[in-house]
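Here are my notes on this model, point by point. Please read them with the structure open.

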Amino acid sequence: MSVADAFVLECSVVEAAVGLSDRDLTRCVADCAARERQSLAGLLGFLAEFDARDLHEPAGFDALYKYLMHHFGWSASSAFKRIQAARACRRFPALLPAIAAGDLNLSAVCALAPVLSEENLSRVLFEAARLPREELKVYVEDLRAEQAPEQAPAPPVTPFQLTLGAVIASESLGASERTPIDPRWIPPPSPLERRAPELTSLNVKVDASVHALFARVRALCAHGPTGRDPARVLRRGLEMLLEAEEKRRFGAPRKAKRRTEVPRPAEAPATVEAVPPEVAETVVTDVVVAESGPRVSCEREHVPAALRREVYDRDDGCCTFVGQGGHVCGSRYAVQLHHRIAWAHGGLNTADNLTLHCGPHNRLMAKREGLDRRPPRRAPEGPRGPST
Ligand SMILES: [Zn+2]
């Protein structure tokens, strides 16, 4: 029986509970609660190592929280909380016995993680044990003030600042570079979001210059198709930014061939269409010099914009990495061109040999092919266990 199996509860216990005395039932509830705490500690310990090995990447996910949501049906908040707690436990393994004993629950670990240090670990484990939620909140604020007395108290964090961007950015880093997720980043669903999941709020703090810029754009758009509606103005602005950024990174979208009225040379066959100058130019720049075998130089040949755009459109801007279980990553996060046969191994800049991969999967493939240029990982920071 594996360690994980030892914590599995049998469903038949629920049926048997009907016939138990009050005393036995009370004892059974206490036993199950203890097993739940031990199971949580075990989960966090295993999850910490799973995270450190980035095992979600070969399974076809660019971020651990997506893997957990997909495989275990957890909500984003549940996944983030457990990831944060697991990372805290990796830094401070002494948290695990405290969780198993019921001195700290999942929320408490997440609240304490940002203020834990090697120096205060023993004291915090003693003082924060079984603190009620409100008292724990005050305790954490006191610890923050203790650690940075000269700093002004941090302003309240809005749900947008949570924000997925920060969490995802953290997920995209190597395990040793990640910082624990601030629990304030975890957004509780608003009543509006619970009632109408298709609508979501976007709260962002901006300085006066951005506010003035937004007001100016809204005023300018007042008589246009978007009107002054902030959501529509924002959408239009984001669409334009998306288009500009796609063009900058992957080239302009291919234009449909236009029939031109340019007179054909007399000697040309009548069935051949005239090629517009911009298309003809594209064809010339798309020519790739064929090569084979490993290259002596790792200096990459520039991938023409038209080819980048072709690959981007074909892959719909998504990572095409397929995990071991057949899961297609599909992430749009930091996608980049990937050579199916590596450039250093003689792969060509052709549409067939190029595809899109997200950052984590591009790095994973580079590592598999021995081309990872990233420095080796550092050992995890922080103590590995209670000082003995
Ligand atoms: Zn990917």
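Leaving aside its neighbours within four places in sequence, which residues is Ala85 in contact with?

1. **Ala85.** The partners are Leu44, Leu106, Val109 and Cys110. Two residues are in contact if their C-beta atoms, placed from the backbone, lie within 7 Å. Ala85 lies in helix H4. Ala85 has 31 other C-beta atoms within 10 Å and is therefore buried. The cut-offs: buried means 20 or more other C-beta atoms within 10 Å of the residue's own, exposed means 12 or fewer, and partly exposed is in between, with C-beta atoms placed from the backbone. Ala111 is 26 residues from Ala85 along the chain, yet their C-alpha atoms are separated by 9.2 Å.

2. **Ground rules.** This is a predicted model, in which local features need pLDDT of at least 70 and side-chain atom pairs count only at pLDDT 80 or more, while totals for chains, interfaces and linings use all residues. Residues are numbered from 1 along each chain as its sequence is written.

3. **Overall.** The protein chain has 15 helices and two strands. These are DSSP runs numbered from the N terminus: helices are H or I with at least four residues, strands are E with at least two. Of its 388 residues, 21% count as buried. Take the contacts in the protein chain with a separation of 6 or more: 66% of them join residues 24 or more positions apart.

4. **Helix H4.** Twelve of the 16 residues of H4 are buried, so H4 is largely enclosed by the rest of the structure. Among them are Phe80, Ile83, Gln84 and Arg91. The length checks out: H4 should span 22 Å at 1.5 Å a residue, and its end C-alpha atoms are 23 Å apart, which agrees. The expected span is 1.5 Å times one less than the number of residues.

5. **H2 against H4.** Helix H2 (residues 22–52) packs on H4 (residues 76–91) at an angle of about 90°, with the axes 8 Å apart. H2 is therefore roughly perpendicular to H4. Axes are lines fitted to C-alpha atoms, for helices over the stretch in contact, and angles run from 0 to 180 degrees between N-to-C directions. Under 35 degrees counts as roughly parallel, over 145 as roughly antiparallel, 65 to 115 as roughly perpendicular, and the rest as oblique. The contact includes Leu44 and Leu47 of H2 and Ile83 and Ala86 of H4. By class, it has eight nonpolar, one polar and four charged residues. Nonpolar covers Ala, Val, Leu, Ile, Met, Phe, Trp, Tyr, Cys and Pro; charged covers Asp, Glu, Lys and Arg; the others, Gly among them, are polar.

6. **The largest nonpolar core.** It has 49 residues, and Leu44, Ala88 and Cys89 are among those touching the most other members. Such a core is a set of buried Ala, Val, Leu, Ile, Met, Phe, Trp, Tyr and Cys residues joined through C-beta atoms within 7 Å. H4 gives the most to this core, with seven residues.

7. **H11 and H12.** H11 (residues 208–221) and helix H12 (residues 230–250) pack at about 100°, with axes 10 Å apart. The two are therefore roughly perpendicular to each other. Val217, Arg218 and Cys221 in H11 meet Pro230, Val233 and Gly237 in H12.

8. **Leu337.** This residue is found in strand S1 (residues 336–339). Leu337 counts as buried, with 21 C-beta neighbours inside 10 Å.
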